[in-house]
Amino acid sequence: MATLTDFARVLTEEGAAVRPLPMEAWVYGAIALSVVFLSLLLVWTFRHTARVMIEGDAHAKFVRDAARAGHGASGGGHP
């Protein structure tokens, strides 16, 4: 039965098959950071979505209330 030391000896022997990485080591870190930042951007784009679905759009409510009060409905503005 092979032990852990036998396994370590096999790995450290000369002539052991060494497979190089297909990219530089820093590229893996850059890819990981990019994935994290893109995930954060995706989450950021959907902020307040649940509140809007539950309560309704606050801006649309403001516009409706202003139109009912006569503000902005005639396209006037300040004199």
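A salt bridge, as I use the term here, is a side-chain nitrogen of Lys or Arg within 4 Å of a carboxyl oxygen of Asp or Glu. With that in hand I searched the whole structure, which is a predicted model, and the search returned 1 salt bridge.

**Entry: the salt bridge**

I looked up which side chains take part, and found that Asp 65 and Arg 68 meet at 3.2 Å, N to O. I then asked where the two residues sit, and both belong to helix α4 (residues 58–68), where they are 3 residues apart and therefore separated by about one helical turn.

**Entry: secondary structure and confidence**

I went through the elements next and noted 4 helices and 0 strands in the protein, so that the order read along the sequence is written α-α-α-α under the run assignment used here. For confidence, I recorded an average pLDDT of 79 for the protein, with 80% of the residues scoring at least 70.

**Entry: surface and burial**

How many of the residues count as buried? I found 3% of the 79 residues in that class, for which the cut-off is under 20% relative accessible area. The accessible surface of the protein comes to about 7800 Å², and I noted that 68% of this area belongs to carbon and sulfur atoms.

**Entry: a nonpolar patch**

Which residues form a nonpolar patch on the surface? I listed Leu 21, Met 23, Tyr 28, Ile 31 and Val 35, which together have about 440 Å² of accessible area.

Note on methods
Residues numbered from 1 in each chain as written. Heavy atoms only, no water. Buried < 20%, exposed > 50% of the residue type's maximum accessible area, 1.4 Å probe, protein only. Areas by Shrake-Rupley, 256 points an atom, 1.4 Å probe, with all protein chains shown as cover. pLDDT = per-residue confidence, 0-100. Patch = residues over 30% accessible without salt bridge, like charges linked within 9 Å, V, L, I, M, F, W, Y side chains within 5 Å.
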